[in-house]
Amino acid sequence: MEFLRPGSWEEALAAKAEHPAAVPVAGGTDVMVEINFDRRRPEYLLDLNRIGDLYEWETGEDEVRLGASVPYARIMEELRAELPGLALAAHTVGSPQIRNRGSVGGNLGAASPAGDSHPPLLAAGARVEAESVRGTRLIPAEEFYTGVKRNALAPDELIRAVRIARADGPQQFSKVGTRNAMVIAVCAFSLALHPRSRTVRTGIGSAAPTPVRARAAEDFLAAALEEGGHWESGRPVPPSAARRFAELAAGACNPIDDVRGSARYRRHAVAVMARRTLGWTWEAYRAGGREHRCA
Amino acid sequence: MRVNFTVNGRPQQADDVWEGESLLYVLRERLGLPGSKNACEQGECGSCTVRLDGLPVCACLVAAGQAEGREVVTVEGLAEHARRRAAGDGTTARAPAGTSLDEARRWTPAPGGPGAQALSPVQQAFVDAGAVQCGFCTPGLLVAADELIERNPEPSDADIREALSGNLCRCTGYETILDAVRLAAARAGEAG
Amino acid sequence: MATARTPAGLAHGTHGGVGESAPRPDGTLKVTGEFAYASDLWHEDMLWGVTLRSPHAHARILSADVSAALATPGVYAVLTHADLPAATRYGLEIQDTPVLADGVVRYHGEPVALVAADHPETARRAAARIRIAYEELPVVHDEESATAPGAPVLHPGRDDDHAVHVAHPNIVHRQPVVRGDVAAARARADVVVSGDYEVGMQDQAFLGPESGLAVPAGDGGVDLYIATQWLHADLRQIAPVLGLPEDKVRMTLSGVGGAFGGREDLSMQAHACLLALRTGRPVKMVYNRFESFFGHVHRHPARLHYEHGASRDGQLLYVQARIVLDGGAYASSSPAVVGNAASLAVGPYVVDHVDVEALALYTNNPPCGAMRGFGAVQACFAYEAQMDRLAERLGLDPVEFRQRNAMAQGAVMPTGQVVDAPAPVAELLRRVKARPMPPGRPWETAGGAPDVRALPGGLSNTTHGEGVVRGVGYAVGIKNVGFSEGFDDYSTARVRLEAVAGQPVATVHTAMAEVGQGGVTVHAQIARTELGVTQVVLQPADTRVGSAGSTSASRQTYVTGGAVLHACRAVREEVFALGRARLGAYHPAWAHAELLLEGGKVTTEAGEVLADLADVLEDEVIEVEREWRHRPTEPFDLRTGQGDGHVQYSFAAHRAVVDVDTELGLVKVVELACAQDVGKAVNPLAVTGQIQGGTVQGLGLAVMEEIVVSADGLVRNPSFTDYLIPTVLDTPAIPVDVLELADEHAPYGLRGAGEAPTLSSTPAVVAAIRAATGLALKRVPVRPEHLTGT
């Protein structure tokens, strides 16, 4: 094993180009577990800790460009207004110690269906900034996850940042685990209201081979809100519509039975979380989130 | 490979480090600082919690090479860390902290136990409150609890629970650990 | 010269006698990081040992090729079964466990080969190069498959004591307990409730992984520094494996990071010694968490069928029960677990007509043995569920129904044994019930936003109060203390008293394994109280002194505490004799008065000081070694289960208050109050710590802890990512009410305290969840799937 310590982003890209099999390690919260438990022996470890740029973010008018290594602890504390869904998800990651090290870039790199940041990225709308010595490309989150623990990165690419749409309405995140802290998701759900475009977006974690959006549920709800004039009136979402939204969200799942939970439970729980997060976000929208319309 | 970093205010160098080694392994097996514990090596128990440039992290998940040039505080340096903080000395200059194996071996029994006068408030509170049984979780809990009180001198019970939610204890049921953190915070409040 | 550090010997008395919350003598070392646990040991030139384990639950080993491993630079030894020098099997009760697999592997993770190398990674890579050819065999995984016609017999040719009385060679041991006339009682019963219950496989999950350091000695022997629960039981098993006499295997206890039963069996002890003797170098072995799940036995999973009958006025008439425990591939302590399950199957109730059978199976599942509660935990979950159902059928309050049937001193157990010490079962229930209820909706805040940390799901933000229903449940349990069924359960203590620099100093030496429970604190307290000294030095626990028995069965304060007490009293008598000889002429009280040792002085009962202890001692060193035994027990009759099988009984009751998210099936335990009789709280702070810790292990079994084993015998969750134990956000406030009703047969009247709280915690939590959901919940751990019908 060789330990590569690039001092700059350019050096990191060069190292990755030279050693495409190199495994990037930032917070180490996934990679080191695999090494400690003898499940993985990469030829090269590519340490990204020395690259300061990766720990910074820029807040633009429409999006936040979040450095790949910004730890969850900072997201949950400092980006609550801009990225409320992701901030909520960040707060559910592992433990305080893990949140001081783990990052969205790591979550994307590992591409586990259970990664906590995927659902809010899908719900908010995000593009992964992948870079190599060949250049930069922006991969929409929906296209980034290609299979269980597989992603769209080319062997020579590294994740530089994630460009996440700034919230224009309330967002929520919920995750089920069989413990009240420090759990890997049995399943997770994120919902973002987008009053500006009068759309809603969702993200589901750990209930399919990859993180997915519940598009039918989104379309249904957007139509129901539109038809009912809810965006203007702020009237509560009719329970029948909320139920249908929840059913459609569950329908978007393609879960498995595993040691963490049954497929049936996962579908059921996603439906419950969809209904609840809809209630919470809509309540927030009614209570003041509607200002976002003219923001 | 060679790794240089600062532990408890003292520059340290480790040679012939295998690239897959963790910071925890280097501390325990190469630097003679076994205080940070190896309970799970997967970031689930917090027994190896150390401060890395001030932040509590699981030393088992930091690749040894990632510690290069950085500052680490372990349970062995906690008392000195607390003393410096109390003295308003924010710097992390060299300090004779930590306990080498040789030092540990040279230690001889004395009434009141070793370093009885030298414990940090949170260490003393853990002893006083009965928060220590087998003690394997204790070093990590101490580092996490000390950092909590540093950040939040008057934590609510929910704050304490959240801050310590990454530190598993199998013996105590956590009640005496909560007592200890409350006690340490209260004493710090009185002293302040 | 580099030597292994050991923590004991550093332990030095501070203050506090019997009945005081004396601080731990090892507390300061443990908070400074200086306390040396087994995994912290280090020796110059030491090698690292690793274990190659079976990937199959049942397979024949066709061949083993270690040549590539041996050829790896940095590797010093590779051992398989063929390399074993002497005995090839060991075991706590039955020597059925191969040191290294002998032609067949019988469970997933069974040790097959060992490697010693100069770096753990080198050893791991070499182990990966060992080529074992396996032929998979059919797997036996439950009662049906184990006793089916033609089932593979896992241990052919058994010659152990139980082989002759079991109906099938895949049954380790079977114990019936029969009393009265169940058929007649059934005919009289107004209400009959029957049910099938299941308890999953719980892990001790001690935090300090299995570790030790073996150092070869010049005399051909070996010094082993080890984390264990019972040095002498290890020694008895290791020495024959090494082909050495016991005096050439010297064992010293190193720091132990928890045990809870999981260190009663050998793990890497013999392996490290074999590698050290083979290489002539010190060898350290440290399991990681993954390996630890394969490295020790677990709590027996159980299937239990119960039938209870009661009269209309709420009197229990009979209990019929069948308890099937899965012992896994090797016997471990299964026979004793069976004895406990059978004899305690009815719970702390008076029942005249009983027909119980308990048995343990050999299967290809992970071996199971001792864990806190030892056979009584599984039964308690089932009988307490039955008690709630009976109360409901009878229209009685569940606590009142239990109190009507609660045993008290003088009651007769189903084994015929008379409970001849206080048994305040009804009072314990009364106390937990009388506690004020915790406030409802604890998540509501002044600001309006819910504090999710107080809700089911916690930080995962699954509910803001929707679907949350509160439930309250009660349970009570009975646990035996000490080793039972005629076992010679003794302990040994050596106590020395001398004057050092004009001050009397007591030194206590036992082989008791301090695993966190605070035995060292208690020993110092006893010495202070009995000898009137302040300074007590605790010698390292090792095999240079006689056996202390196991740190299990809630027995150490009782038995080793008793040995220390009696050794101290013998020392005291020698002090008085010395005083009479030296100073008797100066004061008539030496000859005639009742003498005491207090505050470093010899006094009369009236308080008159006769002499400073140091002046009596001068240069004399008084040293006494005592073996001490509790009252003998007797085996249970193999046909009827009758017999005075237990030493002492211990009781605890819990009230659980839970909030359940009934839609998502998530549980937040809000409060878990416990009342327990400890006879005498020798150290009240430590007793409370035992009760709270035991309570939370019971909570874990109720709602999250289970080793999941697939039908083909493979462990599916050997990690702390998927074997979940409670975090501080899962544990509630645990108010503890300690009763001290003395047991006149025990030292200071004390009652072993460590296990009882683990029993009743689980059924209390599940009863509370049932109350919140209306579901039957016949299996633990309760999973979200069970609560949501998914």
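This is a predicted model: local features need pLDDT of at least 70, side-chain atom pairs count only at pLDDT 80 or more; totals for chains, interfaces and linings use all residues.
Me: Why is R404(C) called partly exposed?

Reply: R404(C) has 41% relative accessibility. Buried means under 20% relative accessible area and exposed means over 50%, with partly exposed in between (1.4 Å probe, protein chains only). The 41% of R404(C) falls in between, so R404(C) counts as partly exposed. E400(C), with 34%, is also partly exposed.

Me: What makes E400(C) and R404(C) a salt bridge?

Reply: Their closest N and O atoms are 2.7 Å apart. A salt bridge needs a side-chain nitrogen of Lys or Arg within 4 Å of a carboxyl oxygen of Asp or Glu, so the pair qualifies. Both residues lie in helix α11 (residues 398–405) of chain C, 4 residues apart, about one turn of the helix. A helix here is a DSSP run of H or I with at least four residues, and a strand is a run of E with at least two, numbered from the N terminus.

Me: Why do R213(A) and E218(A) count as buried?

Reply: R213(A) has a relative accessible area of 16% and E218(A) has 3%. Each value is under the cut-off for buried, so the term applies to both. The two residues form a salt bridge, with the closest N and O atoms 2.6 Å apart.

Me: How do you know that β6(A) pairs with β10(A)?

Reply: 6 bridges join β6(A) to strand β10 (residues 158–165) of chain A. Pairing requires that DSSP finds at least two bridges, so these strands pair. They run antiparallel, and E131(A) stands opposite L158(A) in β10(A). β6(A) is also joined by 6 bridges to strand β7 (residues 135–140) of chain A, again antiparallel. β6(A) and β7(A) form a hairpin with 2 residues between them.

Me: What makes β6(A) mostly covered?

Reply: Of the 7 residues in β6(A) (residues 126–132), 6 are buried.

Me: How do you know that R99(A) and E162(B) form a salt bridge?

Reply: The closest N and O atoms of R99(A) and E162(B) are 3.9 Å apart. Across the interface of chain A and chain B the rule finds 3 salt bridges.

Me: What is the area buried between chain B and chain C?

Reply: Chain B and chain C bury about 5,100 Å², 60% of it on carbon and sulfur atoms. Q133(B), R161(B) and R170(B) supply 15% of the area that chain B buries against chain C, more than any other three residues. Buried area is the accessible area (1.4 Å probe) that two parts lose on being put together, summed over both. The contact (heavy atoms within 4.5 Å) takes 61 residues from chain B and 69 residues from chain C.

Me: How many salt bridges are there between chain B and chain C?

Reply: The count is 6. In one of them, the side chains of D40(C) and R28(B) meet at 2.8 Å, N to O.

Conventions:
Residues are numbered from 1 along each chain as its sequence is written. Chains are lettered from A and ligands numbered from 1 in the order in which they are written. Side-chain values use heavy atoms; hydrogens and water are left out.
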